[in-house]
Amino acid sequence: MASSQQHSLSKVPPYAEYQGIRFPTAIVQEESLDAMKTFEIRDDDVVIVSYPKSGINWMFEVVRKILGGKIEENSLPIGPEFWPPEKQQPSYIQLLETPSPRLMITHLQHQMAPPGLTAPVNKVKAIVILRNPKDVCVSSYYFHQKSPIHKTPESWAVRNKDFLAGKMPFGDYFDHVLGWWQMKDDPHFLFVKYEDMKKNFHSSVKTIAAFLEKELTDEHLALILNSCSLESMRKTLAESGTWRKDVVRKGMVGDWKNHFSAEESARFDQKYRERMAGTGLEFDFE
Ligand SMILES: Nc1ncnc2c1ncn2[C@@H]1O[C@H](COP(=O)(O)OS(=O)(=O)O)[C@@H](OP(=O)(O)O)[C@H]1O
């Protein structure tokens with residue numbers, strides 16, 4: 001991966017590799033990835049982690065509304081590895097200058113994350129949002145057709161194969177999920193599945209608030225449930241005038257059934273069994 005201070009969207013190739021992982025060069029630069037090795041995580045940081053298209057924006061809205069105050073007022077989903085083209089400086093520098101408490105997101109794999117996030121002595125609170133790979137694959141297929149930072153998939157069949165082969169921005173889905181799953185017994189980590197949020201949003205929000213040590217009044221809870229519903233978020237993000245305008249699409253579990261052939265599904269199932277066997281990690285696919 002070549003480092004570049006000039007990274008207007010039209011001039012860069014869509015992806016470059018860093019330590020064997022593909023990154024969208026329009027928003028992730030080598031300098032930022034290098035900086036992750038020493039980027040300081042603070043004890044009172046809250047970090048949301050996900051593989052792309054797993055619901056990180058949904059989780060971000062929920063968490064910022066639970067935390068309230070300055071975090072709710074000021075926060076945009078900023079990842080320390082990002083360098084949005086419209087910004088003069090990389091996000092990690094902006095985050096260094098951000099007063100505590102900070103709320104940030106990351107799509108980095110476990111081994112590339114700032115060491116303070118995964119160290120045994122960490123005090124940070126990290127929430128990992130996970131989603132079944134079939135729906136993630138479909139979500140990426142549509143998002144990458146719209147997003148200027150991604151290559152438009154050649155076809156559904158190619159996207160399906162590339163996803164299983166791990167040829168995706170931010171790397172292989174299974175590597176990503178299994179890397180972070182190593183933290184499952186760490187009390188500073190909370191793992192939440194997209195499918196569980198869909199099934200019982202009310203209890204998911206309460207679990208997340210308890211993890212963040214925030215008491216929610218009934219009124220506050222109702223406000224979160226309402227403002228983070230699929231339709232509310234569709235409206236607010238569509239009006240955001242940012243890349244987030246295309247984030248909310250169907251927002252359902254099982255859309256893969258409208259896209260996968262029987263053969264594609266069987267290939268996914270086999271890969272899933274191979275990679276997930278013995279991890280105890282299971283998803284609802286329906
Ligand atoms: N409120 C709410 N409820 C349910 N689902 C929601 C919500 N907000 C976002 N979404 C769905 O999350 C998918 C986008 O994931 P990410 O936010 O991780 O995308 S990104 O990686 O930041 O581009 C994308 O999934 P798909 O609809 O399957 O494409 C969004 O629709």
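Where is the place of Gln19? Gln19 sits in the loop between S1 and S2, where helices (H or I, at least four residues) and strands (E, at least two) are DSSP runs numbered from the N terminus. Before going further, a word on what you're looking at: this is a predicted model, in which local features need pLDDT of at least 70 and side-chain atom pairs count only at pLDDT 80 or more, while totals for chains, interfaces and linings use all residues. Residues are numbered from 1 along each chain as its sequence is written.

Strand S1 (residues 15–18) and strand S2 (residues 21–24) pair in the antiparallel sense over four bridges; two strands count as paired if DSSP finds at least two bridges between them. Tyr15 stands opposite Pro24 in S2. The two strands make a hairpin with two residues between them. Gln19 has a positive phi of about 50°, although it is not a glycine. Gln19 is also exposed, with 11 other C-beta atoms within 10 Å. The burial scale works like this: a residue is buried if 20 or more other C-beta atoms lie within 10 Å of its own, exposed if 12 or fewer, and partly exposed in between, with C-beta atoms placed from the backbone.

Now for S2 itself. In a regular strand the side chains alternate between the two faces of the sheet. Both faces of S2 are covered: Ile21 and Phe23 are buried on one side, and Arg22 and Pro24 are buried on the other.

Pro24 turns up again in the surroundings of His150. His150 belongs to the loop between H6 and H7 and is partly exposed, with 19 other C-beta atoms within 10 Å. Not counting residues up to four places away in sequence, His150 touches Pro14, Pro24, His144 and Pro169; contact here puts the C-beta atoms, placed from the backbone, within 7 Å. His150 and Ile127 are 23 residues apart in sequence and 26 Å apart in space, C-alpha to C-alpha.

Ile127 takes us to the largest nonpolar core, which has 57 residues. A core of this kind is a set of buried Ala, Val, Leu, Ile, Met, Phe, Trp, Tyr and Cys residues joined through C-beta atoms within 7 Å. Ile48, Met59, Val62, Val63, Ile127 and Ile129 touch the most other members. Helix H2 (residues 56–67) gives the largest share of this core, seven residues. Take Ile129 as a way in: leaving aside its neighbours within four places in sequence, Ile129 is in contact with Ile48, Ser50, Ser54, Gly55, Ile56, Met59, Val192 and Tyr194.

Next comes helix H8 (residues 173–181), whose buried residues are Tyr173, His176, Val177, Gly179 and Trp180. They lie on the same side of H8 because they cover an arc of only 160° around the axis, the arc being that of the directions from the helix axis to the C-beta atoms. What covers them includes strand S3 (46–50), strand S5 (125–130), helix H6 (133–146) and helix H7 (156–164). In the loop between H7 and H8 you'll find Phe170, which has a positive phi of about 75° although it is not a glycine. Phe170 counts as buried, with 22 C-beta neighbours inside 10 Å.

There's another backbone detail to look up. The peptide bond from Ser100 to Pro101 is cis, with omega near -5°. Pro101 is in the loop between helix H4 (91–97) and strand S4 (103–106).

On to the ligand. The ligand is surrounded by 22 residues, the closest being Pro52, Asn57, Ser139, Arg249 and Gly251; to belong here, a residue needs its C-beta atom, placed from the backbone, within 6 Å of the molecule. H2, H6 and helix H12 (230–238) are the elements that give two or more residues to this shell, and H6 gives the largest share, four residues. By class, the shell has 10 nonpolar, seven polar and five charged residues. For that tally, Ala, Val, Leu, Ile, Met, Phe, Trp, Tyr, Cys and Pro count as nonpolar, Asp, Glu, Lys and Arg as charged, and the others, Gly among them, as polar.

Finally, look at the segment after helix H13 (262–276), where Phe285 is found. Phe285 counts as partly exposed, with 17 C-beta neighbours inside 10 Å.

How values were computed: Two residues are in contact if their C-beta atoms, placed from the backbone, lie within 7 Å.
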